[in-house]
Amino acid sequence: MGRSVEHSLIEKIRERGAIHMTLLDPQKTASGKCVEIASEAEKAGTSAIMVGGSTLASNSDLDDVIREIKKRVGVPLILFPNNISGVSRYADAIWFMSLLNSSSTYYLIDVQALSAPLIKRYGLEAIPMGYIIVGEGGAAGFVGQARGIPYDHPELALGYSLAAETLGMRFVYLEAGSGAKAPVPTKMIALVKKHLGVPLIVGGGIRNGKAARAAVEAGADIVVTGTLVEETSGVRESIYEIVRNIESRER
Ligand code: 1GP
């Protein structure tokens, strides 16, 4: 298992200051539309396509949509699994993630133990990531049985983030949940970034360039948006507005 996707992400962050990733949920968006969105997002400068969703259930549907996206898109396609069914051999890499503030051992380590042998067999590049839910966390918070970090307690997010890094995870994701009313607070991002030695991903509730820029100015290295492309008719313009706001920012 190489680390080529991971290295390309690190390199892009170094070059551009911060990068954007587009999240597609094949449960919410039809396959043809996913392909179209991925292609438009790539043209707008997104750095990777993430595929996943909290309620995704069919593995063969996932395989199909990933193969279709791969035919049209050159940026890395990274799985963002909610469960064993979120693994596909056709992706370029998988976020090998643990929901660190889940109250269930299933999302902490059991589902990883069930899927790791398959990931190894497929030769999928696994990128270890600590996943931390902030606030209610939407469907991810509910399904993952998370004890969400309160928005006004950034020091708790810092503790979990540093635990992830100390355990050897190479990315940390602060997740407000898809469609969150308010994104992860900038104070929380700033405190975590100040002490964290690995790249910081932030997502949930970011719908425009201004919010994306605020996250990056606070310290996010990667900004993820999902709902935005599900709702807009102009995917390329919407993603471009975000990309242009976050790249080459003074930090
Ligand atoms: C959810 O962080 C991602 O896992 C993206 O959230 O859908 O709110 O952009 P949005």
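A pocket is here an open set of points on a 1 Å grid over the protein atoms alone, where a 1.4 Å probe fits, with protein on both sides within 12 Å along at least five of seven lines; lining residues have an atom within 4 Å of a point. The structure is a predicted model, in which local features need pLDDT of at least 70 and side-chain atom pairs count only at pLDDT 80 or more, while totals for chains, interfaces and linings use all residues. Residues are numbered from 1 along each chain as its sequence is written, and side-chain values use heavy atoms, with hydrogens and water left out.

The second largest pocket holds about 160 Å³ of space, a volume being the space filled by probe spheres set on the points, which are joined across faces, edges and corners. Its lining comprises 13 residues, of which Glu-136, Gly-137, Gly-138, Ala-180 and Lys-181 are the closest to the centre. The largest pocket has a volume of about 660 Å³. It is lined by 46 residues, and Gly-53, Ser-54, Phe-80, Tyr-131 and Ala-140 are the closest to its centre. Strand S4 (93-99) and helix H4 (105-122) are among the elements that each supply at least two lining residues; helices (H or I, at least four residues) and strands (E, at least two) are DSSP runs, numbered from the N terminus. S4 gives the most, with six residues.

Helices H7 (residues 186-195) and H8 (residues 209-218) pack at about 30°, their axes 8 Å apart. Axes are lines fitted to C-alpha atoms, for helices over the stretch in contact, and angles run from 0 to 180 degrees between N-to-C directions. H7 and H8 are therefore roughly parallel to each other (angles under 35 degrees). Thr-186, Ile-189, Ala-190 and Lys-193 of H7 make the contact with Ala-214, Ala-215 and Ala-218 of H8 (heavy atoms within 4.5 Å).

Twelve salt bridges are found in the whole structure (a side-chain nitrogen of Lys or Arg within 4 Å of a carboxyl oxygen of Asp or Glu). In one of them, Glu-230 pairs with Lys-28, the closest N and O atoms being 3.9 Å apart. Glu-230 lies in helix H9 and Lys-28 in the loop between strand S1 (19-24) and helix H2 (31-43), so the pair ties together parts 202 residues apart in sequence.

Terms used
Parallel < 35°, antiparallel > 145°, perpendicular 65-115°, else oblique.
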